[in-house]
Amino acid sequence: MTKLFRTFFIFLLLLSSRTGVANTLDINDSKTERGNYSARQTQSHDLQGLYALSSQAFDEPRQASSNLSVLHQQAYDAQAELAQLLTKIAQRSPTQVIIPPVKSYQRAADKVATKFNGDASQITDLARASIVAGSIQDLMQVYQILNEQTQVVKQKNRFAEPKTSGYRDLNLLVRLPQSGMIAEVQLHLQDIANIKNGPEHKVYEKVQIIEANACKQKRSLSEFELAQIAQLRQESHKLYHKAWLNYKRVDEASLLKTSAA
């Protein structure tokens, strides 16, 4: 009986040890997989690497509080943290940092009410900033550093899937390391940003005037007005497309030069 009990005890001990090792391997495999995924996401600083960044959420993009007043107060410290972080990143790459003011409380309240059904924890752009890069390589370098120094919660790659206007950028939601607040960071290419802030903004204003005039007269847009709007937007699309083709040509030329070397 004693011998049988001893054998059973040894069997349990071995089973426990194997389970512990298996669990450890599972955890390590999971960490390795995440590490490999991160490496795949950032290993290439060219056009191919940029296209490889898929639009997805890595974690639920919610703030720690659902109280807008609390979040809005915290946003000022978060904005300062974000500005300091991006300024350091810009010192490591030839890029320009744009830090706008914290989103106003009224605009935030309107957004929470209309878009998030009153749930303030879903607002993620109280603290926000932009980085403008002169090349795809510089933009990808910034993306990699952000991945290393913050937690990227969600990303939307409009370079791979541009807006109907032809506009492209990389939109990130990042969780800041100190405040823990989620902030929005947009990564732009210089020529595309210039079009957005120049010619496309003028197109937007012209379209607004046409639509406002029809609304004032309490009527639908005429065929002529619809044609005007379509033509204006087509002009913007051509500008964006031309700018993007230039970046692609530079990237392809750089790749050929590297291959030849």
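## A salt-bridge network

Glu60, Arg62 and Asp119 are joined to one another through a network of salt bridges. Bear in mind that we're looking at a predicted model here. Across the whole structure, a search turns up seven salt bridges.

## Arg175 and Asp59

Another pairing to look at is Arg175 with Asp59, where the closest N and O atoms sit 3.8 Å apart. As for accessibility, Asp59 comes out at 35%, so it counts as partly exposed.

## Asp125 and Lys111

Then there's the salt bridge between Asp125 and Lys111, at 2.8 Å from N to O. Lys111 is part of helix α4 (105-115), and Asp125 lies in the loop between α4 and β3 (128-133), so the parts being tied together are 14 residues apart in sequence.

Buried or exposed, what is Asp125? With a relative accessibility of 7%, Asp125 is buried, because the cut-off for that is under 20%.

## Glu225 and Arg219

Glu225 pairs up with Arg219 in a salt bridge, with 2.8 Å between the closest N and O atoms. Glu225 is buried at 8% relative accessibility, whereas Arg219, at 32%, counts as partly exposed.

Methods: Residues numbered from 1 in each chain as written. Predicted model: local features only at pLDDT ≥ 70, side-chain atom pairs only at ≥ 80, totals over all residues. Heavy atoms only, no water. Salt bridge = Lys/Arg side-chain N within 4 Å of Asp/Glu carboxyl O. Buried < 20%, exposed > 50% of the residue type's maximum accessible area, 1.4 Å probe, protein only. Helix = DSSP H or I, 4+ residues; strand = E, 2+ residues; numbered from the N terminus.
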